[in-house]
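Here is a briefing on one protein structure. Please look over the sequence and the model before reading on.

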Amino acid sequence: MAQQPIDPNAAISELGQIKFGETDLSGVLSQVSELARRTIPGTEEVSVTLLKQEGAHTAAFSGEMALRLDELQYEYEQGPCLEAAKEAAVVSVPDMSEEVRWPQWAAQAVQGGALSSLSIGFPIQETVLGALNIYGVKPGAFDDDAVTLAQTFAGYAAVALAHLYDTTATLAAQMQSAMQSRAVIEQAKGIIMGERRCTPDEAFAILAKVSQDSNRKLRDVAAALVERAARPSSLKRDRGDAGHLP
């Protein structure tokens, strides 16, 4: 992640410019996650967990590491993001190598490159809870100032969700859409990995760069790639080199 960090005041100003009527659940939370990643000192990756009676789901994420560590918690049915969401609390893991509350998950986090984390819970409504999850690659990455900034971003995400999705049915539909988007992104990553002989992280980085450079949503880039790959080979030849992303 080579982008320059954003001044907190500028980031908060950008948050205020997000137009709820012009984006959806995934769009709002993705913008919040990306701004948080570039603003909060010590942050490597960020994600947003939404928790319903049916289970937990990562609604937005800035990188593959955050997504993997979220999903491991859902698999184990325990971890800091789940506790933060359920209790609307601040849950810090200052040093993964010394974590005793969730040792199995923490060991996986260390292997994945995350040595500290910070989860900020926010209540959405009675049946839906959430948390902003922040991962660092160094122990003790998040000080009191980082916690305060993270709470600002989590608070904005909670307000945005409450504003955009005031019914459980609407939110459930949006979460289903987000899960479908995740499946398409995984398909696209598989295609890139096969064509370019690269790792899952490298494939995701390629998709993210195309998304940023073309000013299109990540899921739209992924869907176009999957659609291209499904075409008969003759049509692919008409389009030119199949190795080029759409």
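Predicted model: local features only at pLDDT ≥ 70, side-chain atom pairs only at ≥ 80, totals over all residues.

Residues are numbered from 1 along each chain as its sequence is written, and side-chain values use heavy atoms, with hydrogens and water left out.

**Overall fold**

- The protein chain has ten helices and five strands. Helices (H or I, at least four residues) and strands (E, at least two) are DSSP runs, numbered from the N terminus.
- Of the 246 residues in the protein chain, 47% are buried. Buried means under 20% relative accessible area, exposed means over 50%, and partly exposed lies in between (1.4 Å probe, protein chains only).
- The accessible surface of the protein chain is about 12,000 Å². Carbon and sulfur atoms account for 50% of that surface. Areas come from the Shrake-Rupley method with a 1.4 Å probe; for residues, only the protein chains shown count as cover.
- Take the contacts between residues at least 6 apart in sequence: 59% of them join residues at least 24 apart. Contact means heavy atoms within 4.5 Å.

**Nonpolar cores**

- The largest nonpolar core has 34 residues. Such a core is a set of buried Ala, Val, Leu, Ile, Met, Phe, Trp, Tyr and Cys residues joined through side-chain atoms within 4.5 Å.
- Leu 29, Ile 40, Phe 122, Leu 132, Ile 134 and Phe 153 touch the most other members of this core.
- At least two core residues come from each of α1 (8-17), α2 (25-39), β1 (45-52), β2 (55-61), β4 (116-125), β5 (128-136) and α6 (144-164).
- Helix α6 gives the largest share, eleven residues.
- Leaving out residues up to four places away in sequence, Leu 132 touches Val 46, Ser 47, Val 48, Leu 118, Ser 119, Ile 120, Phe 122, Ala 150, Phe 153 and Ala 154.
- Another core, of 21 residues, lies apart from the largest one. Its members include Leu 51, Trp 105, Ala 106 and Ala 114.
- In soluble globular proteins, nonpolar side chains tend to be buried together.

- Helix α3 is mostly covered, with ten of its 13 residues buried. The buried set is Glu 64, Met 65, Ala 66, Leu 67, Leu 69, Asp 70, Leu 72, Gln 73, Tyr 74 and Tyr 76.
- The end C-alpha atoms of α3 are 18 Å apart, which agrees with the 18 Å that its 13 residues should span at 1.5 Å a residue. The expected span is 1.5 Å times one less than the number of residues.
- Just after α3, Glu 77 has a positive phi of about 60°.
- Helix α9 (residues 218-230) reaches 19 Å from its first C-alpha to its last, close to the expected 18 Å.
- Buried residues in α9 are Leu 218, Arg 219, Val 221, Ala 222, Ala 224, Leu 225, Val 226 and Arg 228.

**Salt bridges**

- The structure holds seven salt bridges. Each is a side-chain nitrogen of Lys or Arg within 4 Å of a carboxyl oxygen of Asp or Glu.
- Lys 189 pairs with Glu 64, with the closest N and O atoms 2.5 Å apart. Lys 189 sits in helix α7 (residues 168-196) and Glu 64 in helix α3 (residues 64-76), 125 residues apart.
- Both partners are buried: Lys 189 has a relative accessible area of 3%, and Glu 64 has 5%.
- Glu 64, Glu 186 and Lys 189 are linked in a network of salt bridges.
- Arg 101 forms a salt bridge with Glu 99, at 2.8 Å between the closest N and O atoms. Arg 101 is partly exposed at 41% relative accessibility, whereas Glu 99 is buried at 10%.
- Asp 213 and Lys 209 meet in a salt bridge at 2.6 Å, N to O. They are separated by about one helical turn because they lie four residues apart in helix α8 (residues 200-214). Asp 213 is exposed, with a relative accessible area of 57%.

**Cysteines**

- The structure holds zero disulfides, a disulfide being a pair of cysteine sulfur atoms within 2.5 Å.
- Cys 81 is buried at 0% relative accessible area. Cys 198 is buried at 14%.

**Val 110**

- Val 110 is found in helix α5 (residues 103-112). Val 110 is partly exposed, at 35% relative accessible area.
- Not counting residues up to four places away in sequence, Val 110 touches Met 96, Ser 97 and Leu 115.
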